[in-house]
Amino acid sequence: MLLLSILLLMFQVKGVHFGMWSLFPVARTALPGGVGHDSGPSHHFHLVSECGKRPIFEEGAQYSKIIGGMEAEVGEFPWQVSIQARNEHFCGGSIINKWWIVTAAHCLIFEELLPTDLSVVLGSNDLSSSPLEIKGVTSIVLHKEFRRLNMDNDIALLLLDSPIRFNGLTEPICIPGKPSPSVWHKCWVAGWGQTNSDDKSSVKTDLMKVPMIIMDWEKCSEAFPKLTKNMLCAGYQNESFDACQGDSGGPLVCTTESDKTWYQVGIISWGKSCGQKNTPGIYTLLENYNLWIKKVTEIEGRPFDAEEMKAPPNRKQMRSHAAEFPEPGSPRFWILISLLSYVICWDIFY
């Protein structure tokens with residue numbers, strides 16, 4: 001009786017419940033249905049999602065069509081969005097949580113551009129498909145120190161008019177903390193921009209992807225004297241892979257060798273030209289803006305918790321209503337000690 005009483009108290013404090021409650025932490029709630037697709041397998045909605053995961057892509061057959069670049073597969077970049085004005089794509093962006101899209105400031109600097117002019121298309125690789133999932137925008141936040149002259153602080157946020165329901169075709173990307181890995185294993189950029197720098201009509205309605213390698217900052221600064229510490233360089237040596245017009249604002253995503261979680265390392269920003277051999281593109285270094293993102297989203301009333309969205313290697317995030325064991329010295333700790341003492345005395349003397 002004594003042992004059972006103590007075990008019951010310990011389990012209750014640690015949040016492990018008997019009877020109608022599960023012994024395991026409570027996972028996120030999935031709602032039935034799907035978004036933007038009227039055929040194929042159903043996808044469950046959920047408002048909370050582990051970032052940097054590609055459930056549909058990882059579970060399916062993986063193949064690519066080579067058309068200049070490579071055509072992205074379904075669910076391969078579920079964080080990728082198309083930012084549009086009057087139903088025309090003009091920049092890319094990425095989902096960082098259910099309310100926020102991160103993109104490049106230079107995409108949105110036009111004074112006449114209002115939030116109501118914008119729409120965000122998500123959950124589809126093909127912008128010509130129907131139906132598309134489309135979100136409105138209620139707020140545009142540019143970095144106040146963005147400088148068009150040297151493109152420093154080229155970052156902006158869009159607040160959506162309703163939350164995203166994650167379903168495998170739409171998922172948030174992780175934002176790396178500091179210090180980030182010194183070497184990334186695989187990196188990609190994707191977009192709906194031009195596939196030929198000399199042909200403005202070469203814009204694709206299908207999402208295209210290219211593999212990238214992050215280059216040494218010091219070496220890159222020799223070719224780009226106005227490079228700042230808020231930027232990084234990425235290219236593919238001896239190949240003409242690069243991001244081009246219409247890709248701006250989209251993510252440069254990478255993963256580590258030991259982890260299948262994907263992180264947004266950069267935002268497509270600027271360069272000398274598209275697709276020149278041995279000439280890298282320049283990206284906004286996203287890890288430098290964690291605090292800015294946190295402050296801006298708090299001010300706007302839809303706070304972004306970077307720790308909540310970041311997925312550490314080999315650790316699966318779960319939501320639980322279970323309470324944590326109280327810290328020694330805390331009021332709850334002393335209440336627990338008193339209760340345990342009472343139970344022990346009761347069993348001994350009665």
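**Figure 1. Strand β14, a strand enclosed by its surroundings.** In this predicted model, strand β14 is largely enclosed by the rest of the structure, because 9 of its 9 residues are buried. The strand covers residues 262-270. On one side, let us follow its pairing with β13 (residues 251-255): the two run antiparallel and are joined by 5 bridges. Within this pairing, C254 stands opposite Y263 of β14. β13 and β14 form a hairpin, with 6 residues between them. β14 is also joined to β15 by 4 bridges, again in the antiparallel sense. Here I268 has Y283 in β15 as its bridge partner.

Figure 2. Which strand holds L285? L285 is found in β15, a strand made of residues 281-285. With a relative accessible area of 16%, L285 is buried, since buried means under 20%. Setting aside neighbours within four places in sequence, you will find L285 in contact with K229, N230, M231, L232 and V265. For one of these residues, L232, the C-alpha to C-alpha distance to L285 is 5.8 Å, although 53 residues separate the two in sequence.

**Figure 3. Aromatic pairs.** How many aromatic pairs does the structure hold? There are 3, and two of them are described here. F77 and W79 form an edge-to-face pair, with 6.4 Å from centre to centre and 80° between the planes. Both partners are buried: F77 has a relative accessibility of 5%, and W79 has 0%. W184 and Y263 form a tilted pair, at 5.7 Å centre to centre and with 45° between the planes. W184 lies in the loop between β8 (156-160) and β9 (186-191), whereas Y263 belongs to strand β14, so this pair ties together parts that are 79 residues apart in sequence. W184 is buried at 13% relative accessible area, and Y263 is buried too, at 5%.

**Figure 4. Charged side chains over tryptophan rings.** K209 lies over the face of W188, at 4.7 Å from the ring centre. R302 lies over the face of W99, where the distance to the ring centre is 3.8 Å.

Figure 5. In what order do the strands of the barrel run? The 6 strands of this closed barrel follow the order β3-β4-β5-β8-β7-β6, with antiparallel pairing. On average, neighbouring strands of the sheet are turned by 45° against each other, with direction ignored. In it, V121 has I134 of β7 as its bridge partner. Helix α4 (residues 290-299) lies across β5 (100-103), β7 and β8, and runs at about 35° to β8.

**Figure 6. The whole chain, for orientation.** Of its 350 residues, 47% count as buried. Among contacts with a separation of 6 or more, 67% come from residues 24 or more positions apart. The chain exposes about 18900 Å², and carbon and sulfur atoms supply 56% of that area.

Notes:
Residues are numbered from 1 along each chain as its sequence is written. This is a predicted model: local features need pLDDT of at least 70, side-chain atom pairs count only at pLDDT 80 or more; totals for chains, interfaces and linings use all residues. Side-chain values use heavy atoms; hydrogens and water are left out. Buried means under 20% relative accessible area, exposed over 50%, partly exposed in between (1.4 Å probe, protein chains only). Contact means heavy atoms within 4.5 Å. Accessible areas come from the Shrake-Rupley method with a 1.4 Å probe; for residues, only the protein chains shown count as cover. Rings of Phe, Tyr and Trp (its six-membered ring) pair if their centres lie within 6.5 Å; planes under 30 degrees apart count as stacked, over 60 as edge-to-face and the rest as tilted. A charge sits over a ring if NZ of Lys or CZ of Arg is within 6 Å of the ring centre and within 35 degrees of the ring normal. Two strands pair if DSSP finds at least two bridges between them. Axes are lines fitted to C-alpha atoms, for helices over the stretch in contact, and angles run from 0 to 180 degrees between N-to-C directions.
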